[in-house]
Amino acid sequence: MTVERERYMREALALAAEAAAAGEVPVGCVIVREGEIVGRGRNRREEKQSTASHAEMEAIAQANETLGSWRLDDCELYVTLEPCPMCAGAILNARIRRVWYGARDEAMGACGGVTNLFMESFPNRPALVGGILAEECRRVLADFFAGLREKKG
């Protein structure tokens with residue numbers, strides 16, 4: 001893995017840590033264009049009481065605003081957890097060219113964990129690379145859920 005890819009995933013991990021500190025499931029996402037981060041997002045479902053407030057959706061919205069376009073075809077997305085079907089659909093619609101994700105999601109993953117929407121016959125399918133800093137991404141999630149179980153215990 002290149003230093004650049006690791007740096008972007010570490011930016012996403014920092015956003016995941018912010019989400020955890022706010023009581024949200026720790027997922028973070030950055031969108032990169034020509035070496036510059038143009039969108040950042042973290043889970044905010046509890047804060048906003050909004051189903052659509054996933055890290056990827058927040059980052060896509062910020063990138064759209066930053067670039068003044070809904071088309072993100074010259075962008076790459078880095079996210080700590082494999083995208084769900086909603087986020088995979090947004091990625092397809094935004095025409096993002098490549099997705100890099102950390103941990104696989106066996107419950108809701110739409111990039112191989114449960115299904116892979118990017119293998120279907122949609123136009124503008126992104127290239128997909130999983131397992132970027134996967135252990136660190138998994139650990140952030142495992143620690144968060146372990147903490148929740150302790151509080152309930």
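Student: In this predicted model, what makes the pair Glu76 and Trp100 a polar contact?

Tutor: The side chains of Glu76 and Trp100 are joined at 2.9 Å, and the cut-off for a pair of N or O atoms is 3.5 Å, so the pair falls within the limit and is called a polar contact. The side chain of Glu76 makes a further polar contact with the side chain of Arg97, at 3.5 Å.

Student: Why is Glu76 called buried?

Tutor: Glu76 has a relative accessible area of 15%, and buried means under 20%, so Glu76 counts as buried. Glu76 is placed in strand S3, and, leaving aside neighbours within four places in sequence, Glu76 is in contact with Val30, Ile31, Val32, Ile96, Arg97, Arg98 and Trp100.

Student: How do you know that Arg98 and Glu76 form a salt bridge?

Tutor: Their side chains meet at 3.7 Å, taken from N to O, and the definition asks for a side-chain nitrogen of Lys or Arg within 4 Å of a carboxyl oxygen of Asp or Glu, so the pair qualifies as a salt bridge. Arg98 lies in strand S4 and Glu76 in strand S3, so this pair ties together parts that are 22 residues apart in sequence. Arg98, at 29% relative accessibility, counts as partly exposed, whereas Glu76 is buried.

Student: What makes Glu18 and Arg42 a salt bridge?

Tutor: The N to O distance between the side chains of Glu18 and Arg42 is 3.9 Å, and the limit is 4 Å, so the pair is counted as a salt bridge. Glu18 lies in helix H1 and Arg42 in strand S2, so the link ties together parts that are 24 residues apart in sequence. Glu18 has a relative accessible area of 43% and is partly exposed, while Arg42, at 8%, counts as buried.

Student: Which residues are joined with Glu18 and Arg42 into one network?

Tutor: Salt bridges that share partners join Glu18 and Arg42 with Arg44, Glu47, Lys48 and Glu58. Across the whole structure, a search finds 13 salt bridges.

Student: Why is Glu58 classed as buried?

Tutor: The relative accessible area of Glu58 is 17%, and the class of buried residues lies under 20%, so Glu58 belongs to that class. Glu58 lies in helix H3, and, not counting residues up to four places away in sequence, Glu58 touches Arg40, Gly41, Arg42, Arg44, Lys48 and Ser53. The buried residues of H3 also include Ala55, Glu56, Ala59, Ile60 and Ala63, and what covers the buried residues of H3 includes S1, S2, helix H2 (45-48), S3 and H4.

Student: How do you know that Arg10 and Glu6 are separated by about one helical turn?

Tutor: Arg10 and Glu6 are four residues apart in helix H1, which means that about one helical turn separates them. They also form a salt bridge, with the closest N and O atoms 3.2 Å apart.

Student: Which residues of H1 are buried, and why are they placed on the same side?

Tutor: The buried residues of H1 are Tyr8, Met9, Ala12, Leu13, Leu15, Ala16 and Ala19. They cover an arc of only 160 degrees around the axis, which puts them on the same side of H1. These residues pack against S1, S2, S3, S4 and H5, whereas the face turned away from the buried side carries the exposed residues Val3 and Ala21.

Student: Which members of the largest nonpolar core touch the most other members?

Tutor: Of the 39 residues in this core, Ile31, Ile60, Leu72, Leu77 and Ile96 touch the most other members. Elements giving two or more residues to the core include helix H1 (3-21), helix H3 (55-67) and helix H5 (134-152). Among the residues that Leu72 touches, beyond four places away in sequence, are Ile31, Ile60 and Ile96.

Terms used: Residues are numbered from 1 along each chain as its sequence is written. This is a predicted model: local features need pLDDT of at least 70, side-chain atom pairs count only at pLDDT 80 or more; totals for chains, interfaces and linings use all residues. Side-chain values use heavy atoms; hydrogens and water are left out. A nonpolar core is a set of buried Ala, Val, Leu, Ile, Met, Phe, Trp, Tyr and Cys residues joined through side-chain atoms within 4.5 Å. Buried means under 20% relative accessible area, exposed over 50%, partly exposed in between (1.4 Å probe, protein chains only). Contact means heavy atoms within 4.5 Å. The arc is that of the directions from the helix axis to the C-beta atoms. A polar contact is a pair of N or O atoms within 3.5 Å; within protein, one must be able to donate a hydrogen and the other to accept it, and residues adjacent in sequence count only if both atoms are side-chain atoms.
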